[in-house]
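Work through the exercises below with the sequence and the model at hand. Each task is followed by a stepwise solution.

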Amino acid sequence: MQLDAKTIRTRVAEELRARLGERWFKPDSTKLLVASANNLTDFSVEFDCYAERRYGDYDCSLVAVLRWKKFAKLFRELAGWYNIKFEGSAPPNGKVFARVAFDGIHGDFALPSRAAFWVASEQDLDEFITQCVNDLDGKVGDWIQGWFTWPSALQVMDGNQRLCGAWRNIAYYCLMEQVHGHEAACNWVRGIDATGWPQWLAAQVEYLQLRICGVGAAQA
């Protein structure tokens, strides 16, 4: 079999569906879309397989992509407000809640706990797929399942202060409001001092404090 990025991604998807089946994936999807009866949230979880050719071989990794309509709606409204007030260029649509590599989850988001996985042959590819299966049957799978209830999702956020990147405050507000209600989330927001923060980060806090949690503001 001639290996290329498309072939690797297709083979990984087919093998993960075959080996993990109903425990993880929606059977009639062309994507690795998680469909679990244990998921009590409305997070959409999908796995992306990256296969980047470097130095003649392929650097392969699997990534969990989390989307959440509630967060996407608030981010879209924030982006519109920011682009008008600051003449900015924040993208208004399609914001992903979080994109997390299996390697990062495996290493507790600290220093890399394992080397990049290089695929140069079918044997390498089989070993990569086996690693992905073992990840989902172990630590990585447990971490992903933490998003399957609202309280545990908030705990996952609390466990990694860098999760969600530059839009963490917006994401955390959404989860806090989902779990503890609007007033509790706003009390958290009001306690943030964004003095001296970069404009984009400070603007998010300003939006939450004034537009979402300010006097007379409508509940999100």
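**Exercise 1: the largest pocket**

The largest pocket holds about 200 Å³ of space. The model is predicted: local features need pLDDT of at least 70, side-chain atom pairs count only at pLDDT 80 or more, and totals for chains, interfaces and linings use all residues. Residues are numbered from 1 along each chain as its sequence is written, and side-chain values use heavy atoms, with hydrogens and water left out.

Task: State which residues are closest to the centre of the largest pocket, and classify its lining.

Solution.
1. The lining comprises 14 residues, of which Ala98, Arg99, Val100, Leu163 and Cys164 are the closest to the centre. (On a 1 Å grid over the protein atoms alone, a pocket is an open set of points with protein on both sides within 12 Å along at least five of seven lines; lining residues have an atom within 4 Å of a point.)
2. Strand E4, residues 98–101, makes the greatest contribution to this lining, with four residues.
3. Nine lining residues are nonpolar, three polar and two charged.

**Exercise 2: the largest cavity**

Task: Determine which element gives the largest share of the lining of the largest cavity.

Solution.
1. One cavity of 30 Å³ or more is present in the structure; a cavity is a set of grid points where a 1.4 Å probe fits but cannot get out.
2. Its lining consists of Ser61, Leu62, Phe102, Asp103, Arg114, Phe128, Gln131, Cys132 and Asp135.
3. E3, helix H3 (102–106) and helix H4 (122–137) each supply at least two of the lining residues, and H4 gives the largest share, four residues.
4. By class, the lining has four nonpolar, two polar and three charged residues.

**Exercise 3: aromatic pairs**

Task: Describe the geometry of the pair formed by phenylalanine 43 and tryptophan 68, and then that of phenylalanine 75 and tryptophan 200.

Solution.
1. There are 22 aromatic pairs in the structure. (Rings of Phe, Tyr and Trp, the last by its six-membered ring, pair if their centres lie within 6.5 Å; planes under 30 degrees apart are stacked, over 60 edge-to-face, and the rest tilted.)
2. Phenylalanine 43 and tryptophan 68 are tilted, at 4.9 Å centre to centre with 40° between the planes.
3. Phenylalanine 43 lies in the loop between strands E1 and E2, and tryptophan 68 in the loop between strand E3 and helix H2, so the pair ties together parts 25 residues apart in sequence.
4. Phenylalanine 75 and tryptophan 200 are edge-to-face, at 6.0 Å centre to centre and 80° between the planes.
5. Phenylalanine 75 belongs to helix H2 and tryptophan 200 to helix H9, 125 residues apart.

Conventions: Points joined across faces, edges and corners; volume = space filled by probe spheres on them. Nonpolar A, V, L, I, M, F, W, Y, C, P; charged D, E, K, R; others polar.
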